[in-house]
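Please look over the sequence and the model before reading on.

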Amino acid sequence: MKKYGRHLVMRIDDFQKPSATNVLCSNWKDWEEPIIWFQGTTDAVGAQFFLKNIHPDMRSAASTLFGQPERIHSRPNVFGELMRVLISPSKDVEEAVNWVIGGSEDPDITLHMRMLMNRSVRAVQAALNCTKKAIDHLKQGPRRRVVLVSDTPSVINSIQTSLSAFAEVLHFDYKLFKGNLSAAELKGLHNLEFRVKDWGPAPRWVAFVDFFLASRAKWAVISGAHRRVGTTYVQLIAALAATRGVEEDFPTGSSFSFLSSFQSNLLTEGLGNQVGWGHVWNRFAGPLSCHNQSNQCASTPLLPPSWWDGIWQSPIQRDIRRLEAYGIQLSGFGTFDENHLCSFCNSRKTVVFTVPIISK
């Protein structure tokens with residue numbers, strides 16, 4: 001207050017409240033508040049809505065950050081590079097990661113299975129085939145090391161034997177680990193039963209170990225699932241893993257792959273069940289999605305699109321209805337009326353919500 005003659009305040013924009021958010025209608029560059037909290041953007045989708053902002057300055061700034069949506073595999077790895085700079089494992093988590101790696105080289109590939117306590121044989125077989133393809137794509141070398149991560153212990157047990165036939169399998173078994181993190185659990189510090197069916201029965205700290213272990217993969221991350229392929233968790237693992245080539249001396253010409261494994265029953269009626277804005281394939285789940293396909297090992301963007309106007313993208317009906325509240329008239333083929341959005345923005349009242357950070 002003494003130096004600048006004004007209070008330090010933070011402006012809050014809540015993305016998950018269409019009537020309150022200014023993500024599409026306001027020019028944030030004109031805002032006076034020095035700190036902005038874009039609330040409710042829990043994945044890579046929300047921030048990319050700036051690409052459709054009605055103000056050219058905002059669209060240009062968003063394009064500089066996220067690249068062009070129509071060039072899916074040429075877009076920058078924004079969230080991976082941010083994580084590389086901003087986050088790192090704690091000493092205790094790193095101890096657990098190194099315990100799994102055992103002093104040898106980092107793993108080549110990570111396989112993440114999001115099974116929600118299901119034991120789908122088709123999902124496991126499709127993921128094994130995808131992993132085998134990824135290994136075959138690499139140059140000849142020593143036996144490849146594959147990190148196996150899953151929310152469902154029974155899947156770990158069933159897939160590990162088959163995977164061991166062509167790769168060395170690494171898996172963090174928290175029950176065998178005797179480091180500082182496991183000692184904390186014995187003291188009752190980590191015994192949470194919250195969302196066990198969704199996240200699995202392991203203590204919550206295990207997810208951090210799995211995350212940093214999985215992100216050590218040098219060549220590929222593969223996402224398999226009972227229903228939803230390419231969740232936010234595995235997206236972030238792949239994004240962070242892909243940054244390793246920036247700071248380490250990988251062989252010339254090497255490239256990183258993010259792959260999605262689909263079993264045939266997920267593709268019988270297209271990708272209509274890939275719902276949830278945090279899932280990579282939701283933007284491809286509408287009437288244009290491929291029907292009656294066999295198992296797929298699909299190349300996946302590190303920065304997934306957040307809109308539906310790219311080639312072969314189309315929304316499901318639920319998202320069409322959801323976007324109406326934001327002023328978007330979206331067709332089943334992913335097109336939308338920009339004039340309608342401008343009219344919507346001009347007719348709505350701008351919501352401003354601020355909180356003081358320092359008031360004295």
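The sections below treat the basis of the model, its sheet, a pair of helices and its cavities.

## Basis of the model

The model is predicted: local features need pLDDT of at least 70, side-chain atom pairs count only at pLDDT 80 or more, and totals for chains, interfaces and linings use all residues. Residues are numbered from 1 along each chain as its sequence is written, and side-chain values use heavy atoms, leaving out hydrogens and water.

## The sheet

An open sheet is formed by 6 strands in the order β5-β4-β3-β6-β7-β9, with mixed pairing. Strands (E, at least two residues) and helices (H or I, at least four) are DSSP runs numbered from the N terminus, and two strands pair if DSSP finds at least two bridges between them. The edges are β5 (168-170) and β9 (296-299), each of which pairs on one side only. From one strand to the next, the twist averages 25°.

Within this sheet, β3 (residues 109-114) and β6 (residues 220-225) pair in the parallel sense over 6 bridges. Arg 114 has Ala 225 in β6 as its bridge partner.

## Two packed helices

Helix α3 (residues 78-86) packs with helix α10 (residues 232-242) at an angle of about 70°, and their axes are 8 Å apart. α3 is therefore roughly perpendicular to α10, a term for angles of 65 to 115 degrees, whereas angles under 35 count as roughly parallel, over 145 as roughly antiparallel and the rest as oblique. Axes are lines fitted to C-alpha atoms, for helices over the stretch in contact, and angles run from 0 to 180 degrees between N-to-C directions.

Gly 80, Met 83 and Arg 84 of α3 make the contact with Leu 236, Ala 239 and Leu 240 of α10 (heavy atoms within 4.5 Å). These contact residues of α3 and α10 comprise 4 nonpolar, 1 polar and 1 charged.

## The cavities

The structure has 2 cavities of 30 Å³ or more. A cavity is a set of points, on a 1 Å grid over the protein atoms alone, where a 1.4 Å probe fits but cannot get out; lining residues have an atom within 4 Å of a point. The volume is the space filled by probe spheres set on the points.

The largest cavity holds about 60 Å³ of space; its lining consists of Gln 48, Leu 51, Lys 52, Pro 69, Pro 305, Ser 306 and Trp 307. The second largest cavity holds about 40 Å³, and the residues lining the second largest cavity include Pro 18, Tyr 326, Phe 344 and Arg 348.

Note on methods. Nonpolar A, V, L, I, M, F, W, Y, C, P; charged D, E, K, R; others polar. 1 Å grid on protein atoms, 1.4 Å probe; cavity = no way out; pocket = protein on both sides within 12 Å on 5 of 7 lines; lining within 4 Å.
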